[in-house]
Number of protein chains: 2
Amino acid sequence: MTTGLKLSNVHKAMLGETILFSGLNRDERNALLACATIVRYQTHDMLFHQGERGEYFYCVLTGFARLYRLGGDNQEGDIRICEPGDSFAECLVTDGGDYRYGAQAMEHSILARFNLEQVRALVEHRPHIGIAIMRSLSQHLLSTIDCLASDRMQTAPQRVATYLLTHCKPEGLAAKMRLPFQKSLLARKLGLAPEALSRAFSSLRAAGVTVSGRSIEISNLNVLKTIPAITSRHAP
Amino acid sequence: MTTGLKLSNVHKAMLGETILFSGLNRDERNALLACATIVRYQTHDMLFHQGERGEYFYCVLTGFARLYRLGGDNQEGDIRICEPGDSFAECLVTDGGDYRYGAQAMEHSILARFNLEQVRALVEHRPHIGIAIMRSLSQHLLSTIDCLASDRMQTAPQRVATYLLTHCKPEGLAAKMRLPFQKSLLARKLGLAPEALSRAFSSLRAAGVTVSGRSIEISNLNVLKTIPAITSRHAP
DNA sequence: GCTCCCACTTGATGCAGATCAACTTTCACC
DNA sequence: GGTGAAAGTTGATCTGCATCAAGTGGGAGC
């Protein structure tokens, strides 16, 4: 890990595009930027461990961070995969406390790191910065709810179909995409074992999904949209 | 449903105890209270449907509200069971939009209903009210993460054991408790079919858990704490 | 171009929990 | 206190996914 570098203009520009900075004017942006430094991590580096005292929250600039919970028996349960633009651990801004999950870089990654105490002080008299953090929290809450609901209602092929439909670039009825990361990471994101993801892709071949490495082609989006219906119920 | 009543002093006192109102001074409390009215619902009444335009967020005073997602095939997936003191749908304060889940009263229930637009206006120049909402959102995010992690890592008996350990009143090594609602609602909360909850309770009998209606007795808390280890791994 | 390693795939097996069905208990209401 | 409907339990079966165990393939490095 490389620690505590100053933000370049490129970094500031990247942060300006994130949800966290949306709706802030120039002054407010600068005030929030003043709480941040840049940190770099290698693949598999830990950003922080579950249970450690929370000192910073983070925003991914490049690479990926994996958030996960520890269970009994040394097992790990993935909570969320953070991509460029995503922030995490802002939930500690209000009350501080310990990190409630671990965070690990899954590629060579660059992140902005915000000092919780400084941001907390800022929010005291800058309502718009508070609103920006609320917006970010709201979105994380809704996406975690999405995740929980799909875990409870959808099968593996359904979850994969949903992921493809929400991430592909349509070209008429067909579509293409390239996975932004390894399949094993996608499996974690979807709450599946890597083998289950692989089998889900095979079963989607019948629905016109062709997978080659990270490249995926979909021959008919409408067919893919029916996957939930097909797989979810036994024909009479 | 009974709609739009003014808040009594009792209601105001109850709201004062909630996380949403924590950390607010007298002025701020009154400002927030001014956005609220009281509504009453009968068992199974819908507070709002998924996809409807969001107009209010809610705080439970008495009774229970069930939040759930609709899936394909008319299935419903439960997101959260809200008890007295819990608030929900505050995630719409920042940006508005539609309700992302349905909410249903599971008993005769009384709730405070806050006008989103009024609260949004309030937050613009009252940082502490924004912070209070952030605190509430942070807590919901963390508890949804708990839920997701336990869905992904724990078996049914483990989840039930965890629920008991976090909700019982210890008396030395033993403990007692009374379920605040029907077992079918607890099953929903834990993401289980009612039959699975029933079987989980039977399997916990061996760990000294006695269930009679809504009354539960635990003979030895330490034994219950080991359930995760026992059930999670096959002995060699 | 060859090789090694790691990601991925495929097959076989086992288990947790959903589902369906029947029965029992509980509770509300007359 | 009796009656009916809802809630909960128990048993049998089935399905989806995890797990374990071999393979296969592809990309980085020499």
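1. By what turn and what shift along the axis can chain B be laid on chain A? In this predicted model, a turn of 180° with a shift of 0.0 Å along the axis does it, and the RMSD is 0.0 Å. The two copies are therefore related as by a two-fold rotation axis.

2. The contact between the copies draws 42 residues from chain A and 42 residues from chain B. On the side of chain B that touches chain A, β6 (76–82), α3 (116–125), α4 (127–153) and α9 (227–232) of chain B each supply at least two residues. With 19 residues, α4(B) gives the most to that side. By class, the side of chain B that touches chain A holds 19 nonpolar, 13 polar and 10 charged residues.

3. Do the copies meet through the same surface or through different ones? Of the interface residues of chain B, 100% are also interface residues in chain A, so the surface is the same.

4. DNA strand C is surrounded by 17 residues. The closest are A:Lys183, A:Ser184 and A:Ser198 from chain A, with B:Thr155 and B:Ala196 from chain B. The surface near DNA strand C divides into 7 nonpolar, 6 polar and 4 charged residues.

5. Which helices each supply at least two residues of the surface near DNA strand C? They are α6 (183–189) and α7 (194–205) of chain A, together with α7 (194–205) of chain B. The largest share comes from α7(A), with 6 residues.

6. The length of α7(B) can be checked against its residue count. At 1.5 Å a residue, the 12 residues of α7(B) should span 16 Å, and the end C-alpha atoms are 17 Å apart, which agrees.

7. Which residues of α7(B) are buried? They are B:Leu197, B:Ala200 and B:Leu204. The elements covering them include α5 (156–167), α6 (183–189) and β12 (209–212) of chain B. On the other side of α7(B), the exposed residues are B:Glu195, B:Ser202 and B:Arg205.

Methods
Residues numbered from 1 in each chain as written. Chains lettered and ligands numbered in written order. Predicted model: local features only at pLDDT ≥ 70, side-chain atom pairs only at ≥ 80, totals over all residues. Near = placed C-beta within 6 Å. Helix = DSSP H or I, 4+ residues; strand = E, 2+ residues; numbered from the N terminus. Nonpolar A, V, L, I, M, F, W, Y, C, P; charged D, E, K, R; others polar. Least-squares fit on C-alpha atoms with pLDDT ≥ 70 in both. Contact = placed C-beta atoms within 7 Å. Expected span 1.5 Å × (residues − 1). Buried ≥ 20, exposed ≤ 12 C-beta atoms within 10 Å, placed from the backbone.
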